[in-house]
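Subject: Structure handover

Hello,

Here is the structure I promised to pass on. Please open it next to this email and follow along.

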Amino acid sequence: MNKTVSPQDFAFVFRLPTRWSDLDMLGHVNNSRFFSFDESARLEYFGELMRDDPTFWKQRGFILARIECDFLAQLHHPAQVDVGFRIARIGRSSMDTLAGMFVDGKPVATSRGVLVWYDYEQQKPQPVPDDVRALIRERERIAPEE
């Protein structure tokens with residue numbers, strides 16, 4: 001299901017420049033690069049946890065369980081891509097993500113993903129911690145479903 005997104009839907013926006021190496025043989029940004037754009041925004045979104053929690057990425061964190069992308073327009077180089085990223089839903093141990101990718105305010109792609117909060121030492125899912133839920137609630141313009 002493709003829901004139209006706008007830049008105003010996102011409190012968190014991360015800007016990325018396209019690179020020559022992003023292009024495919026047709027001269028536009030290759031579809032696979034949009035997954036990298038989502039990944040860069042996702043990691044920046046959780047950057048505060050990475051900086052302030054010494055256990056993040058070592059003992060606990062998230063894993064990407066699923067990702068999909070709708071391609072709305074061709075993207076040509078050079079361009080500045082604004083990637084709006086948000087958590088749309090927080091479950092017991094998983095979170096649904098939504099990213100909108102925009103050039104000059106116009107959508108070029110949307111991606112949706114599922115993150116699972118994970119205990120790296122025990123190699124199993126665990127509930128999303130209260131401090132992570134609080135960080136997400138504070139950050140979002142549109143409250144995530146819970």
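Which kind of link joins the side chains of Arg15 and Asp82? They meet in a salt bridge, at 2.7 Å from N to O. Arg15 sits in strand β1 and Asp82 in strand β3, so this pair ties together parts that lie 67 residues apart in sequence. Asp82 has a relative accessibility of 18%. The cut-off for buried is under 20%, so Asp82 counts as buried.

Before you go further, note that this is a predicted model.

**Other salt bridges**

The structure holds 12 salt bridges. Another one of them links Asp70 and Arg112, with the closest N and O atoms 2.6 Å apart. Asp70 belongs to strand β2 and Arg112 to strand β5, so here the parts tied together are 42 residues apart in sequence. Asp70 has a relative accessible area of 22%, which makes it partly exposed.

Next, look at Asp96 and Arg89. They form a salt bridge too, and their closest N and O atoms are 2.9 Å apart. Asp96 is partly exposed, at 23% relative accessible area. Arg89 is partly exposed as well, at 25%. Salt bridges can also share partners: Arg66, Glu68, Asp70 and Arg112 are joined into one network in this way.

**Around Arg89**

Stay with Arg89 for a moment. You will find Arg89 in strand β3. Its side chain makes a polar contact of 2.8 Å with the side chain of Ser94. A polar contact of 2.9 Å joins the side chains of Arg89 and Asp96.

How far apart are Arg89 and Glu145 in sequence, and how far in space? They are 56 residues apart in sequence, but 4.4 Å apart in space from C-alpha to C-alpha. Leaving aside neighbours within four places in sequence, Arg89 is in contact with Ser94, Met95, Asp96, Pro144 and Glu145.

**Helix α1**

Now turn to helix α1, which covers residues 31–45. You can check its length yourself. The helix has 15 residues, and at 1.5 Å a residue they should span 21 Å. The count of steps is one less than the number of residues. The end C-alpha atoms of α1 are 22 Å apart, which agrees.

Asn30 caps the N-terminal end of α1. A side-chain oxygen of Asn30 lies 2.8 Å from the backbone nitrogen of Ser32.

Which residues of α1 are buried? They are Arg33, Phe34, Phe37, Asp38, Ala41, Arg42 and Tyr45. Two of these names, Phe34 and Phe37, come back in the next section.

**The nonpolar core**

The largest nonpolar core has 31 residues. Phe34, Phe37, Phe46, Met95 and Met101 have the most contacts inside it. β3 gives the most, with five residues.

Take Phe37 as an example. Not counting residues up to four places away in sequence, Phe37 touches Leu16, Asp22, Val29, Leu75, Val81, Val83 and Met101.

Is Ser111 buried or exposed? With a relative accessible area of 1%, Ser111 is buried. It is placed in strand β5. The side chains of Ser111 and Asp38 are joined by a polar contact of 2.7 Å. Asp38 is one of the buried residues of α1. Apart from residues up to four places away in sequence, Ser111 touches Asp38, Glu68, Cys69, Thr97, Leu98, Ala99 and Met101.

**Aromatic rings**

Last, the rings. A search of the whole structure finds 13 aromatic pairs. Tyr118 and Tyr120 are both buried. They also belong to an aromatic cluster, formed by Phe12, Tyr45, Phe46, Phe56, Trp57, Phe62, Phe85, Trp117, Tyr118 and Tyr120.

Best wishes

Methods: Residues are numbered from 1 along each chain as its sequence is written. This is a predicted model: local features need pLDDT of at least 70, side-chain atom pairs count only at pLDDT 80 or more; totals for chains, interfaces and linings use all residues. Side-chain values use heavy atoms; hydrogens and water are left out. Helices (H or I, at least four residues) and strands (E, at least two) are DSSP runs, numbered from the N terminus. Buried means under 20% relative accessible area, exposed over 50%, partly exposed in between (1.4 Å probe, protein chains only). A polar contact is a pair of N or O atoms within 3.5 Å; within protein, one must be able to donate a hydrogen and the other to accept it, and residues adjacent in sequence count only if both atoms are side-chain atoms. A nonpolar core is a set of buried Ala, Val, Leu, Ile, Met, Phe, Trp, Tyr and Cys residues joined through side-chain atoms within 4.5 Å. Contact means heavy atoms within 4.5 Å. A salt bridge is a side-chain nitrogen of Lys or Arg within 4 Å of a carboxyl oxygen of Asp or Glu. Rings of Phe, Tyr and Trp (its six-membered ring) pair if their centres lie within 6.5 Å; planes under 30 degrees apart count as stacked, over 60 as edge-to-face and the rest as tilted.
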